[in-house]
Amino acid sequence: MSADLLARFRDRLRLPLIAAPMFLVSGVELAVAACRNGVIGSFPTVNCRETEQLDAWLGDIERRLQAHADANGKAAAPICPNLIVHRSNARLQQDLAVLLRHKVELVITSVGSPAPVLAPLHDAGALVFADVASIRHAERAVAAGADGLVLLTAGAGGQTGWLNPFVFVRAVRGFFDGPIVLAGGISDGHALRAAQALGCDLAYMGTKFIATRESMADARYKQMLVDSSADDILLTTAFTGLQTNMLRPSIEAAGLDPDDLPARGAIDIGKDIDIGARESRPKRWRDIWSGGHSTSGVTGVLGVDDLVAQTVAEYEAASARVQLA
Ligand SMILES: Cc1cc2nc3c(=O)[nH]c(=O)nc-3n(C[C@H](O)[C@H](O)[C@H](O)COP(=O)(O)O)c2cc1C
């Protein structure tokens, strides 16, 4: 089943990779650059200020990917919007309607059950991958009819998982033979190859794509990733109430002590996710930055072309090494 579902994309992919959806980071430029390079491009729909802007973004992306296909005689990798299905997303139904109108091929749901959006997306021909962080949630998403699973594991950027990837993937493979995407810890092409050996069909790379020229991240954020390693990542519930991996230097720069943060969700910054809001208080995501353990793999700010070429070379070296072993 796994192979069948992904067959429709396979010859459009240069790597079994998704440029992960990231709040305030992934926009049109990053998504288009990923897809043109044969990597599935993604963005959370809440990165658009309102539903009308989502319509415009998708129109723009489709035009640019069509022009790329016309020039190259080959379709680009698919674009995969990310729907936050949590009840706090008041725009869910409007954003869903736009995705249906644009007939997107693939959607990733996160922060909740995919159940409410599965039927309309399936009717429109889209595949739906559900982002899950526990075996129980993986079982539930499969029972609800998700086509694929994104397994959020320990060390991921953003709101992270906690399970060890070796354990999580093998446990889910015990009851699910559909597409599995590994999220967390993919810092280069070697790790990507290892994810496939483990039983995954695809993997996310998030943090690595923050430090690209095409990402919407602040230049200081990109440089902080270059200057930091996995040792600089702090797992904390202080900012969002959920376990989130944050860059310690960004917490210090905001005048807070990473080793003495208040309790769960207690810091009253950035409670809203209105990306248009600008005020002087430091805000999580905008001023206090997130990175995964894969921060260790960020060695420079690259264009997406170069990051993908580098990852392909690493992936091929890892494949050759595994074959020799
Ligand atoms: C700054 C940032 C914002 C994120 N925002 C989202 C989001 O809006 N939706 C989502 O599903 N995942 C989000 N994530 C999680 C990523 O999609 C992905 O799971 C994670 O980056 C994978 O780990 P890696 O960074 O080590 O590659 C975010 C991650 C980061 C670093």
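Buried, in this talk, means under 20% relative accessible area, exposed means over 50%, and partly exposed is what lies in between.

Is Leu24 buried, exposed or partly exposed? Its relative accessible area is 23%, so Leu24 counts as partly exposed. It belongs to the loop between strand S1, residues 17–19, and helix H2, residues 28–36. Its backbone deserves a look too. Most residues other than glycine have a negative phi. Leu24 is not a glycine, yet its phi is positive, near 65°.

Val111 is the other case I want to show. Here phi is about 55°, again positive in a residue that is not a glycine. Val111 is in the loop that runs between strand S4, 106–110, and helix H5, 115–123. With a relative accessible area of 34%, Val111 is partly exposed.

Now the sheets. Strands of a sheet pair through backbone hydrogen bonds, either parallel or antiparallel. Let's take the parallel sheet. In what order do its 8 strands run? The order is S1-S9-S8-S6-S5-S4-S3-S2, and the sheet is open. S1 and S2, the latter at 41–44, are the edge strands. Each has a single partner strand, so one side of each has no neighbour in the sheet. On average, neighbouring strands here are turned by 25° against each other, direction ignored.

Let's walk along part of that sheet. S2 and S3 run parallel and are joined by 4 bridges. Phe43 has Pro81 of S3 as its bridge partner. Look at the side chains of S2 next. Gly41 and Phe43 point one way, Ser42 and Pro44 point the other way, and all are buried.

What about S3, residues 79–84? How many of its 6 residues are buried? The count is 6 of the 6, so S3 is largely enclosed by the rest of the structure. You can see this on both faces. Ile79, Pro81 and Leu83 are buried on one side, and Cys80, Asn82 and Ile84 are buried on the other.

Further along, S4 pairs with S5, residues 127–132. The sense is parallel, over 4 bridges. Leu106 stands opposite Leu127 of S5.

Helices lie across this sheet. H2 lies across S1, S2 and S3, and runs at about 160° to S2. H7, residues 165–173, lies across S5, S6 and S8. Its angle to S6 is about 155°. For your residue lists, S6 is 148–152 and S8 is 180–183.

There is another open sheet, with 3 strands. Its order is S7-S11-S10, and the pairing is antiparallel. Which strands stand at its edges? They are S7, 158–159, and S10, 233–236. Each has a single partner strand, so one side of each is left without a neighbour. S10 pairs with S11, residues 244–247, over 4 bridges in the antiparallel sense. Within that pair, Ile233 is opposite Leu247 of S11.

Last topic: helix packing. Two packed helices are described by the angle between their axes and the distance between the axes.

Start with H2 again, this time against H3, residues 51–72. The axes are 10 Å apart and the angle is about 30°. That makes the two helices roughly parallel. The crossing is right-handed. From H2, the contact uses Val28, Glu29, Ala31, Val32, Cys35 and Arg36. From H3 come Trp57, Asp60, Ile61, Arg64, Leu65 and His68. By class, that contact holds 7 nonpolar, 1 polar and 4 charged residues.

Now H8, residues 189–198, against H12, residues 304–324. Their axes come within 7 Å and cross at roughly 50°. H8 and H12 are therefore oblique to each other. H8 passes H12 in a right-handed crossing. On the H8 side, the contact is made by Gly189, His190, Leu192, Arg193 and Gln196. On the H12 side, it is Thr311, Glu314, Tyr315, Ala317, Ala318 and Ser319. This contact has 4 nonpolar, 5 polar and 2 charged residues.

To take away: in this predicted model, S3 has both faces covered, and Leu24 has a positive phi. Thanks.

Note on methods:
Residues are numbered from 1 along each chain as its sequence is written. This is a predicted model: local features need pLDDT of at least 70, side-chain atom pairs count only at pLDDT 80 or more; totals for chains, interfaces and linings use all residues. Side-chain values use heavy atoms; hydrogens and water are left out. Two strands pair if DSSP finds at least two bridges between them. Axes are lines fitted to C-alpha atoms, for helices over the stretch in contact, and angles run from 0 to 180 degrees between N-to-C directions. Angles under 35 degrees count as roughly parallel, over 145 as roughly antiparallel, 65 to 115 as roughly perpendicular and the rest as oblique. A crossing is left-handed if the near helix is turned anticlockwise from the far one by less than a right angle, and right-handed if clockwise. Contact means heavy atoms within 4.5 Å. Ala, Val, Leu, Ile, Met, Phe, Trp, Tyr, Cys and Pro count as nonpolar, Asp, Glu, Lys and Arg as charged, and the others, Gly among them, as polar. Buried means under 20% relative accessible area, exposed over 50%, partly exposed in between (1.4 Å probe, protein chains only).
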